[in-house]
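These are my notebook entries on a predicted model. I record below what I looked up, entry by entry.

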Amino acid sequence: MKILELKNISKEYRNGENKLLALNNISFEAYKGEFIAIVGPSGSGKSTLLHIIGGIDKPTKR
């Protein structure tokens, strides 16, 4: 049974003219009983992804 699904999620931060694309078109599914690890280098968007999943932040584009 699917318990989580993200489709084409993007998150962009803006500072005046500058923009930072933290997530670009991310999609994945999680199923009951699965263990999932989110790994990557510093600044790759791990916390941003978790904030969107947890409802703390909203994606820029869905």
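**Entry 1: the end of the helix.** I began just after α1, where Gly55 takes a positive phi of about 85°.

**Entry 2: the buried side of α1.** I then asked which residues of α1 are buried. I found Thr48, Leu49 and Ile52. Viewed down the axis of α1, these buried residues fall within an arc of 100°, so they line one face of the helix.

**Entry 3: the nonpolar core.** I looked up the largest nonpolar core and found five residues in it: Leu6, Ile9, Leu23, Leu49 and Ile52. Both β1 (2-15) and α1 (46-53) supply at least two residues each to this core.

**Entry 4: a nonpolar patch on the surface.** I turned to the surface and recorded a nonpolar patch formed by Ile36, Ile38, Leu50 and Ile53. Together these residues have about 320 Å² of accessible area. Where does Ile38 lie? I located Ile38 in the loop between β2 (18-31) and α1.

**Entry 5: salt bridges.** How many salt bridges does the count give? I recorded six. I examined several around Lys2, which is partly exposed at a relative accessible area of 37%. Lys2 forms a salt bridge with Glu5, and the closest N and O atoms are 3.4 Å apart. Glu5 is partly exposed as well, at 35% relative accessibility. Lys2 also meets Glu29 in a salt bridge, at 3.3 Å from N to O. Because Lys2 lies in strand β1 and Glu29 in strand β2, this pair ties together parts that are 27 residues apart in sequence. I noted Glu29 as partly exposed, at 36% relative accessibility.

Entry 6: I next found a salt bridge between the side chains of Glu5 and Lys7, at 3.7 Å from N to O. Lys7 counts as exposed, because its relative accessibility is 53% and the cut-off for exposed is over 50%. Through shared partners, I could join Lys2, Glu5, Lys7 and Glu29 into one network of salt bridges.

Note on methods:
Residues are numbered from 1 along each chain as its sequence is written. This is a predicted model: local features need pLDDT of at least 70, side-chain atom pairs count only at pLDDT 80 or more; totals for chains, interfaces and linings use all residues. Side-chain values use heavy atoms; hydrogens and water are left out. A nonpolar core is a set of buried Ala, Val, Leu, Ile, Met, Phe, Trp, Tyr and Cys residues joined through side-chain atoms within 4.5 Å. Buried means under 20% relative accessible area, exposed over 50%, partly exposed in between (1.4 Å probe, protein chains only). Helices (H or I, at least four residues) and strands (E, at least two) are DSSP runs, numbered from the N terminus. Patches are made of residues with over 30% relative accessible area and no salt bridge: like charges are joined within 9 Å, nonpolar side chains (Val, Leu, Ile, Met, Phe, Trp, Tyr) within 5 Å. Accessible areas come from the Shrake-Rupley method with a 1.4 Å probe; for residues, only the protein chains shown count as cover. A salt bridge is a side-chain nitrogen of Lys or Arg within 4 Å of a carboxyl oxygen of Asp or Glu. The arc is that of the directions from the helix axis to the C-beta atoms.
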